[in-house]
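Please study the sequence and the structure shown below.

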Amino acid sequence: MQTKQFKIEGTPRDEAALDAAAALLRAGKLVVIPTETVYGLAANALDPAAAAAIYTAKGRPCDNPLIVHIASLDELPPLVKAVPDALYRLADRFWPGPMTVILEKSDLVPSATTGGLDTVAVRMPAHPAARALIRRAGVPLAAPSANLSGSPSPTCARHCIDDLDGRVDAIVDGGPCEVGLESTVLTLCEQPPQILRPGAVTLEMARQVLADIELGPGVFERLPDGVRAASPGMKYKHYAPKARVILVHAARGPFANFLASRKGRFGALCLAGDEQALSCPCIVYGAQDDAASQAHGLFDALRQIDRAGLPLVYARVDGAGGVGQAVYNRLLRAAGFEELWV
C-alpha cells in the first residue's frame, strides 16, 4: 500500500488536504489524524470492515476496544442507548478535550469497533484538524493511537510514518501533539463512576464535576487473567520500546547510587538534571516535579531508547500527583509492571 501524506500548515492549502483525507475516510480507508493527545489511526466507526482494518494495520488484539471520536455533542445520542446528565456536565467542562467517556452502545455501533463489548468509548478531540476531518467525513471516527500495537504512542507525524508507512492509506501531519499522552478514560457504566485510564483530565479535576468518581482497579495493577478490559490501555503491555524497562522509585541521589552499582550495558530514562550525576547513556523525558513536561516528552523518549540500541533502561519515577498518575500508568505498562524501590 502506498501511504499518502498531507500536511496541515494553517494555509488555504489545508482545505484541499482535509477534503482529500475525508474522502478516504468516507470510502472506508485508514487515515492517521492528529489530535491534542496522540496521533490516531482513524476509520469510519460505523463500518465493521473499516474497524477491522484498524486492528489489522496495528496488529492490535481484537478484544481491545477502539475509541469513537465525534466533532459535536449532537453526534453522541445515536451512538448510545442513553445520555446521562453526568455526561452533559462532564462535556460542559472537558469537551472538546482529552477526556473519553464510556456509555452503553446503541445498535448503530458495530461490535467490531467496541471489541465485542456492549459499551462504547467516545470523545470529542480539541485539535481543530481532527474535528474538521470528522465533520467533512460525515461519520464518527474510530481512532486508537497510530502506532504498531504495544509500541510507544506517536506524538508527531514522524512516529506514525516510522510505524505505519505502507500499512495505511494516508497520514495527516498536524504538528506535534500538545498533551503527549492518551486521553483520560472514565466509565459512567459503573456506580460510582471510575477512571479506567488516567490522562490530562485528572482525578482531582473530574471530582469537581462528579464528586464520587474513583480510580479503577486496573490503573496501577495488572488486570487478573480472564478479566475483559473495558478501556484501551488496560490489559496488554503497552507503550513499550523493544528494550527491557525497569521502573526505579528513587530520589535523584539514590537513583545515581543505584545505577553506579549496576553491571552490564544499560541506560537511564531520567529527569532533567539527573544526567549530570550519571555515567550511563541518558534519555530525559521531562522535568522534576513537572508532570505536564513528563507527559509531553515520555513517548518520544521511549522511542529514543530503541534508536540508541539500548537493551535495558532504568526509568526514574517522579511520583508526582495529578497528571503524574498518567505518566506512572504509562511507565508501568511500558515496563510490564517491573519496578523497584531504592
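**Exercise 1.** Determine how helix H1 and helix H5 pack.

*Solution.* Step 1: helix H1 covers residues 13-26 and helix H5 residues 128-137 (helices, H or I, of at least four residues and strands, E, of at least two are DSSP runs, numbered from the N terminus). This is a predicted model, in which local features need pLDDT of at least 70, side-chain atom pairs count only at pLDDT 80 or more, and totals for chains, interfaces and linings use all residues. Residues are numbered from 1 along each chain as its sequence is written, and side-chain values use heavy atoms, with hydrogens and water left out.

Step 1: the axes of H1 and H5 are 8 Å apart and form an angle of about 55° (axes are lines fitted to C-alpha atoms, for helices over the stretch in contact, and angles run from 0 to 180 degrees between N-to-C directions).

Step 2: H1 and H5 are therefore oblique to each other (angles under 35 degrees count as roughly parallel, over 145 as roughly antiparallel, 65 to 115 as roughly perpendicular and the rest as oblique).

**Exercise 2.** Is Thr100 buried or exposed?

*Solution.* Step 1: locate Thr100 in strand E5, residues 99-104. Step 2: its relative accessible area is 0%, so Thr100 is buried (buried means under 20% relative accessible area, exposed over 50%, partly exposed in between, with a 1.4 Å probe and protein chains only).

**Exercise 3.** Where does Asp289 lie?

*Solution.* Step 1: Asp289 lies in the loop between strand E14 (282-286) and helix H9 (291-307). Step 2: Asp289 is exposed, with a relative accessible area of 63%. Step 3: although Asp289 is not a glycine, its phi is positive, about 60°.
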